[in-house]
Amino acid sequence: MTGDFWLYTLSAIPQTLGAIVALTATFVIFKLDHIEERTKLEYDEIKDWVLTILFELGIHEISRLDDYALLEKLRKSIEKLDPNSDRFGLEDARFNQLYAMYEHVLISHKRKMDNYKNIYLYLQEKERVLSSLINVRRNALIRLRTSLFLTSAPIVLSLITLLVFPLLASCGPVIIAALVILSISAVAYTVLSVWDIAHRSLR
């Protein structure tokens with residue numbers, strides 16, 4: 001094969017991988033935007049529940065919490081409730097506030113008021129949802145960074161090889177084979193990452 005063929009192959013690798021990186025980044029950013037919107041909705045509701053149960057917290061303090069810190073506060077709130085005690089062991093005013101909040105949730109979902117004990121189950125579900133959102137976001141960012149790293153390596157190596165190819169012409173087949181293997185590995189990981197991100201459930 002001629003030197004022109006190797007040069008064409010070397011120039012095609014970064015172009016192809018660059019297009020794949022752009023498409024992957026676009027998809028992941030779109031997914032992250034959706035996750036952020038859902039997380040914000042959950043954050044705003046969970047914040048109200050936490051403020052009601054952990055009344056020692058101030059509104060300004062809880063507003064500064066990130067998603068991870070709020071998740072920990074929610075877990076502490078759930079631990080503070082005793083599902084085996086009447087009214088979760090809370091004083092009347094605090095319980096009535098929780099009851100009114102849960103009643104509002106049921107009305108917004110067009111459901112009738114049920115056993116107040118389900119407030120505890122509802123908060124547990126909120127903890128699972130927020131935890132799931134945080135994990136999905138973390139997974140998406142890790143996979144995006146790894147994909148960018150894996151695809152950047154053959155792109156950079158291909159461009160460097162193009163610059164010094166006249167000096168390495170005799171090793172052309174070996175160099176191209178190595179770059180193709182790296183590229184295929186990067187593409188395979190990227191495709192699997194996109195599939196994984198797309199199929200992770202947002203509870």
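Helices (H or I, at least four residues) are DSSP runs, numbered from the N terminus. The model is predicted: local features need pLDDT of at least 70 and side-chain atom pairs count only at pLDDT 80 or more, while totals for chains, interfaces and linings use all residues. Residues are numbered from 1 along each chain as its sequence is written, and side-chain values use heavy atoms, with hydrogens and water left out.

**View 1. Helix α4 and the residue that follows.** At 1.5 Å a residue, the 17 residues of α4 (residues 92-108) should span 24 Å, and the end C-alpha atoms are 24 Å apart, in agreement; the expected span is 1.5 Å times one less than the number of residues. Lysine 110 follows α4 and has a positive phi, near 55°.

View 2. Arg94, Phe95, Leu98, Met101, Tyr102, Val105 and Leu106 are buried (under 20% relative accessible area; exposed is over 50%, partly exposed in between; 1.4 Å probe, protein chains only). The face turned away from this buried side carries the exposed residues Asp92, Ala93, His104 and Ile107.

View 3. Arginine 38 and glutamate 42 form a salt bridge (3.4 Å, N to O), defined as a side-chain nitrogen of Lys or Arg within 4 Å of a carboxyl oxygen of Asp or Glu. Both residues lie in α1 (residues 3-53), 4 residues apart. Arginine 38 is partly exposed at 24%, whereas glutamate 42 is buried at 7%.

View 4. The closest N and O atoms of glutamate 127 and arginine 75 are 2.9 Å apart. This pair links α5 (residues 118-168) to α3 (residues 67-80), across 52 residues.

Key:
Helices (H or I, at least four residues) and strands (E, at least two) are DSSP runs, numbered from the N terminus.
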